[in-house]
Amino acid sequence: MQTDFGLLQTALLVATSLAATLIVPMMASNPSHAQSVTLRSSDGSVTVSGPLIRFDGNAYTIKSGANGQLSFQVSDFSCISESCPGPNAFGIHGSNTIGAELMPRLIEAYAQSRGERAKISSGTSAEVAEIKVLGGDGKNRATIDLQSHGSGTAAPGLASGRAVIGMASRALNAAELLQLTQEGLGDMRSPENEHVVGLDGIVVIVSPRNPVAKLSLQQLQAIFSGAVSDWSQVGGTPGPINVYARDAKSGTFDTFKTLVLDPGKQKLLSSAQRLESSNELSDMVANDPNSIGFIGFAYLRNAKPVSLVNECGMSFTPSTFDVKTEEYPLSRRLFLYSGKLPANSFAAGLLDFSMSLDAQAIVRDSGFIDHELQLQSVRQLGRIADAQSVKQKGGIGDPFVTLAREIQETSRISATMRFRYNSIELDNKALKDIDILAQFLQFMRETQSGSRLLLVGFTDSVGALDKNIALSLERANAVRLALLRKLRNPQYARLIETRGYGPALAVACNESEAGRDKNRRVEVWIRQ
Amino acid sequence: MRVQVLSVCPAVILLATLTPPLLSHAGVPPCAAPTIEIAFQAGGQLQFRLQSPCRKGELVVGRYGEIVIMERFDGSGNLAFQLDCFLGNREIDLTFMDNWHTTNHACSATERAITKVAIVWHDRVDLDLHAFEYAASPGSDHDRSAANPGSYQTAQSEYARSSRSHGFMSTVSDGQQLGHNIEVYTLLHHPAEPRGLIAMAVSLGSHNNVAGRESCSNGRQERLRVDLNVYVLEHGTKLRSYEREFAAQPCDGGPTRFVTNLVPSIVVGNAPVGGNANAD
């Protein structure tokens, strides 16, 4: 067997010293959740035993002493005890929104694409399942421990090695990113590690027997914090408001808290009924005419969705297009996170498949919003009126004149590019949109449709108008450059024009950071 | 308890393991072909009536796709049984103990206005399929299961009264069948059905809301596990199937005796979210 001699030598040196000094302490400190394993070097000269705390397909990490840990590459060490993890036994932990239905469907479809089949076994609760992937010969190809206890369990699962894929219905927070970096999993925000599998909107729900159809974000804040406790205070039939919310580990709750409660520095009403399951929450709200709750798009089930009115009076009915553009006030991304996975492992294949076009149909069938492009022309005409309700700083009279003309001649495509904070670097969803837009341009060229794309940049209202117009054009040009790099053919250049309209056509209120963030974008319009 | 299951059950294996000694036909005059009457029934079912005086007490093996059904003639040589067409339009083959067989009885009774969800298992365990119509609570009128099956007529009257799609348990099983055990929920789609969802679940056949000793695992022994196949025939045409394993829930789970992640829910009507009224 060929090995990297330097690497092996280092490992052997460490392991040799371990053999003499650390095996007994390691065994003694075996935590209850960790199985003890025995590793043997490829030349058979070194044997190491200890509690296995992580196996990611590349390396075994075993506990050393009270707080230490040591990693052994699979290329240099074999696991020889009965308790060794199978080569394709791994965990997927995190979001209940993703894990309850979407992830099992993705696993089934991926297995099918390999000519295999998935067998789902019910776990000890609705949030736990074991999925075995079986080959045509009936032999086990992979065993997946799927645990959907909430987005807050994704990072701990990855850090402990019990999961190699983390599911989250919100981006990992700073503390989680730091923890995973310290565990050696790398920068989780990088395109290699952070994957936007689909989009979602948090839908505020009531019972179909509740006449309330529209609520403002301020009213929601008051209801969920307990400041308003009777439906008559928000235009409903008099009666106490029963508040339901997902549990504290939930990404759905985190997103709702960030977008609705935090701006008013409010906390969730302590008497709110908290639930781990989105399905259960939705059904409880559907059955209680005095209740209110919130869930992801896919969990509407038998409840009634409520339209939302933002701080500056813009009204949003939950719709696919508004979630695709991320302009729906409670829109969010659904993430899969992973460290580096072995190239030919089932987990790596599953992750690749989850990001493929084939998987997008499954995302859609599961009730979430996929990345596919959607065209909108009717509402495009009404956008100027909508945007005029948003307070603008510095006056935007002139840009509107040109804008009004172009808006009448174009349709809007749902792909809407946003950037990393304070930069012109495209974020991970925008990178995915670039791939899809490039395919769309190829189709346009092949079919000689005669259409052209307009990449239209916008900013928030902070700063001088001329600077914002220049910045918005710079961002549109950055998107154009990324597209042309992807297409590698200069002939596409004539099909893509750019514009910069600064703070015009605001899609959210500029008073809040979340609103300003939505306004900093590049839209894609098509001129037929 | 672990019960070994034959995922595909060839009739010969089943006959060898499950039936009493068979009658020998050696030296007796050949038995005439049975008379077979097949009637289509509303709700996507076929009613079989067989008569064969020379086959008293004998078994008949039916094959419908990969499903094996075993029924026995009574002491007068009569046999009546229903077949639920949950696999859609497939042939049904009947084989008798003297190897006489008949085929080409197409199960074409399913219609576009019907959706069927079936669970099929072979272990001698009483599983119940539940359909919670529109967020119905366990044990309520619209929790359809073997304990509250409803009928084609009740589904139709609810359908007429509420303008919503309703259904009934068209086949139930106590888990003691010689062939496959089958439970089928049949949904009658209302043409103008509003959006809604019918959640499906599987439980052990204890018709109470709280898990009993026989329907849960108390940790003192290995959890009961049962292999099953799930079939969903949407609008009488598109068939999907899933391989699943039912594992009994812990005894302290209370309402969690319902296993909800094995059988897909039925979504009816048009979704007001997820769609886009503004799009071209």
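Predicted model: local features only at pLDDT ≥ 70, side-chain atom pairs only at ≥ 80, totals over all residues.
1. S11(A) covers residues 194-206.

2. S11(A) has several pairing partners. With strand S19 (residues 331-338) of chain A, the pairing is antiparallel and runs over seven bridges. Within S19(A), A:Arg332 is the bridge partner of A:Asp200. Five bridges join S11(A) to strand S15 (residues 291-296) of chain A, again antiparallel. There, A:Ile202 has A:Gly296 as its bridge partner. Strand S16 (residues 304-305) of chain A also pairs with S11(A) in the antiparallel sense, over two bridges. A:Val206 has A:Lys304 as its bridge partner in S16(A).

3. The largest nonpolar core has 146 residues, and A:Ile205, B:Ile119 and B:Ile198 have the most contacts inside it. S11(A) supplies the largest share of this core, eight residues. A second core of 30 residues is separate; A:Ala430, A:Leu455, A:Leu465 and A:Val522 are among its members.

4. Which residues are in contact with B:Ile119, leaving aside its neighbours within four places in sequence? They are B:Leu127, B:Leu129, B:Glu183, B:Val202, B:Leu228, B:Val230 and B:Val263. B:Ile119 itself is one of the residues with the most contacts inside the largest nonpolar core.

5. Look next at B:Tyr134. This residue sits in the loop between strand S9 (127-133) and strand S10 (143-144) of chain B. Is B:Tyr134 buried or exposed? B:Tyr134 has 21 C-beta neighbours inside 10 Å, and 20 or more are required, so the residue counts as buried. Beyond its neighbours within four places in sequence, B:Tyr134 is in contact with A:Asn302, B:His142, B:Gly196 and B:Ile198. One of these, A:Asn302, belongs to chain A. B:Tyr134 and B:Val267 are 133 residues apart in sequence, but their C-alpha atoms are 9.9 Å apart in space.

6. For chain B overall, the model gives two helices and 18 strands. The chain has 280 residues, and 40% of them count as buried. Among its contacts with a separation of 6 or more, 65% are between residues 24 or more positions apart.

7. Back in chain A, two helices cross. Helix H4 (residues 102-113) and helix H12 (residues 357-365) have axes that come within 10 Å and cross at roughly 145°. The crossing is right-handed. H4(A) contributes A:Leu102, A:Arg105, A:Leu106 and A:Ala109 to the contact. H12(A) contributes A:Asp358, A:Ala359, A:Ile362 and A:Val363. By class, this contact has six nonpolar residues, two charged and no polar ones.

8. Chain A also holds an open sheet of three strands. Its order is S12-S17-S18, and the pairing is mixed. Strand S12 (214-216) and strand S18 (315-316) stand at the edges with a single partner strand each, so one side of each has no neighbour in the sheet. S12(A) pairs with strand S17 (residues 307-309) in the parallel sense, over three bridges. In S17(A), A:Val309 is the bridge partner of A:Ser216. Helix H7 (residues 217-225) of chain A lies across S12 and S17, at about 85° to S12(A).

Definitions and conventions. Residues numbered from 1 in each chain as written. Chains lettered and ligands numbered in written order. Core = buried A, V, L, I, M, F, W, Y, C linked by C-beta atoms within 7 Å. Buried ≥ 20, exposed ≤ 12 C-beta atoms within 10 Å, placed from the backbone. Helix = DSSP H or I, 4+ residues; strand = E, 2+ residues; numbered from the N terminus. Contact = placed C-beta atoms within 7 Å. Axes fitted to C-alpha atoms, helices over the stretch in contact; angles between N-to-C directions. Left-handed = near helix turned anticlockwise from the far one by under 90°. Nonpolar A, V, L, I, M, F, W, Y, C, P; charged D, E, K, R; others polar. Pairing = 2+ DSSP bridges.
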